[in-house]
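Subject: Structure for your review

Dear colleague,

Please find the structure below, handed over for your own work.

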Amino acid sequence: MNPVGDIYTGAANGLREVWSNKVRSLLSMSGIILGVAALVAMVGIVQGMLGNMRASFERSGGVLKLEVHPQEAPEWQQHIAGISPGMTWRDIGAIDKAIPLVAYVSPVVDMNWERFIANGQRRGALLQGVTPDYSGIKLNEIQHGRFISDYDVASKSPVIVVGAYIADALFPGQSRVIGEQVRVSGQVYTIVGQIQPIESVTSPAGRSSRFNREERYNYIPATTAMARYKGDDEVNRIEILAHDVGDMPDLIEQIENTLTQTHRGISDFEIRTQDEQLAELKKLENSFTYSLGGIAGISLLVGGIGIMNVMLASVSERIREIGVRKAIGARSHDIFIQFLAEAVVISVLGGLLGLVASVGLLSLARDFIPEGENISVMPVTAMFYGFLFSSLIGLASGVYPAMRASRLDPIDALRYE
Amino acid sequence: MIDPDLVFALRSIRRTYKVGSELVHALNGVDLTIEDREFIAVIGTSGSGKSTLMHTLGFMDSPTEGQMAFEGRDVSAISRGERSRLRATRIGFVFQSFNLLPKLTVLDNVLLPLVYGRQRVANKKELGMSVLERVGMDHRASHRPSQLSGGERQRVAIARSLINQPRLILADEPTGNLDTKNRGRIMELFASLMDEGITLALVTHDDEVAAYAKRRIRMQDGQIVEDSAL
């Protein structure tokens, strides 16, 4: 008894059998090939997409970020809600001074979708009023020039930091647009900064819609925005970045205390963390993993049934051969190993071909799917599991045919025509 | 006491099948001893039990009743795996329809019992070629069975049965599919094996073939009705 020798002989016989029935073997492998290719490619694509979402989440501050939004005062405070000044510029100063746990704090004064005009070109884009701290909260890299400065805020300067979209669209062919003038809804601004495009590599399919949207943000000093567009000192929200994720509970409490004071006891604000978004992201990941796993599992199962079918046909075709082998000394165990090895060889080869196909599919996906640059051509974990699963399926689907073969009576098998 | 020098000793062997509700006595009380270096022809009409006897001697079928010993060992005490091993190492089979595996070369067909016998052989290929030379087929070693004539295939099949240097070769109508010329050659080959210490038992219904043997056993209705030295 030599199990290693048995398996080696079995695999060699299996390979020979597969090779001598090339077309049939390829057809029986096709289920496994497609199953593995689909599994690995889908997982690779989804991982790439989720990677993009995570990157975008991190770019917007990640788990360290807090947002304070105005909300209606609770019902029991409704009758005195008027004494609160609302969310104003003063809240920024109060938070900045009173809470050392805050790394960055900036108001966001949201304008509507504004019309940007320069060089005879018009484009719609987003305009936000912020303070210098905002560059620490939302990780926009400055490509040329600078971000909004304290001086800009103090003097309500008519300056603007433009996103890649406006820089490209209004000044085509001009890589540096610092010092240029741009008119936004009737107001003229001097460009002092230019934000780096988010994707440094441009795919043939162009940049994705979401990144385009991120690149459509343009920033002016919050004070300029309030003076020019709002006429008062109200802000739309406050964005805060903590130093450390462990500080979050304390930080939330301190912000609440500080703002309750500046709002004269009225709870007309709401503090939001990014936890929910992170949880959503995780939920999305899980649902993708399970649904894709299910689909791929089913397709691999179908592939396994295909192999079982072919193996059963192969056993029926070779009843006489089985009889001969038994007559010259093969034990049932030898016949079992022989047929099982054949099924495993088919599924292992199918799995390998599937992996090769998945690399091809993922390369295509990289080129044709928007945001596809983050798709890995070789998602190693998915490849490992895809291959493992396909081999196990092959093993499982070979057991029954191999058992049928090994249980054949040699006399009956030899008489079989 | 069973003589260990005997190749086979059979006492009151019965083999009964149930076909539907009827009992068929394929072997109905067979007493037989096979000694070393015998050349036995088993003859009889179809249904006389000669094939069942061969299958029983080849451990592919087990008697329903009776005692059977191989080289002094009680066969009923030999496990299935051990019976397979004995087939691979001590007993050679030759069939009417040759039963070579079509996808293997002549040499690989001949070497196949070595795989199942699990014996350590220093140079399998050399051994295979020497056995093929013995039957005059070494020049066709790399051919497929489909490229050979019937007589050539049977010679390869005999080479396969010889590869493990068996004690006994069981041949079931080995010349049934051959023309007269090839029949003569194969029988001469068989006759020459006896000189090498191999015991031979062959089933035939051809009297000319049976004439090559030294002992003739005639079967009828599952019983031996004639056992004569020639």
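Which residues of α10(A) are buried? The model is a predicted one, and in it the buried residues of this helix are A:A296, A:L300, A:G303, A:G304, A:G306, A:I307, A:M308, A:V310, A:M311, A:S314 and A:V315. They pack against three helices of chain A, namely α2 (22-59), α12 (332-368) and α13 (380-406). Helix α10 of chain A itself runs over residues 275-317 and has 43 residues. From its first C-alpha to its last, α10(A) reaches 62 Å, close to the expected 63 Å at 1.5 Å a residue.

In chain B, an unreviewed UniProt entry annotates residues 8-230 as "domain: ABC transporter". Over residues 8-230, chain B is 33% helix and 30% strand, with the end C-alpha atoms 20 Å apart.

Two helices of chain B, α3 (residues 106-117) and α5 (residues 150-162), pack at an angle of about 30° with their axes 7 Å apart. Their crossing is right-handed. On the α3(B) side, B:V106, B:N109, B:V110, B:L112 and B:P113 take part, and they meet B:V156, B:A159 and B:R160 of α5(B).

Finally, the contact between the chains takes 18 residues from chain B and 13 residues from chain A. On the side of chain B that touches chain A, the elements giving two or more residues are α2 (80-89) and α3 of chain B. The residues of that side divide into eight nonpolar, five polar and five charged.

Yours sincerely

Key. Residues are numbered from 1 along each chain as its sequence is written. Chains are lettered from A and ligands numbered from 1 in the order in which they are written. This is a predicted model: local features need pLDDT of at least 70, side-chain atom pairs count only at pLDDT 80 or more; totals for chains, interfaces and linings use all residues. Axes are lines fitted to C-alpha atoms, for helices over the stretch in contact, and angles run from 0 to 180 degrees between N-to-C directions. Helices (H or I, at least four residues) and strands (E, at least two) are DSSP runs, numbered from the N terminus. A crossing is left-handed if the near helix is turned anticlockwise from the far one by less than a right angle, and right-handed if clockwise. Two residues are in contact if their C-beta atoms, placed from the backbone, lie within 7 Å. The expected span of a helix is 1.5 Å times one less than its number of residues. A residue is buried if 20 or more other C-beta atoms lie within 10 Å of its own, exposed if 12 or fewer, and partly exposed in between; C-beta atoms are placed from the backbone. UniProt positions are given in the numbering used here, feature names are shortened, and annotations may be inferred rather than shown by experiment. Ala, Val, Leu, Ile, Met, Phe, Trp, Tyr, Cys and Pro count as nonpolar, Asp, Glu, Lys and Arg as charged, and the others, Gly among them, as polar.
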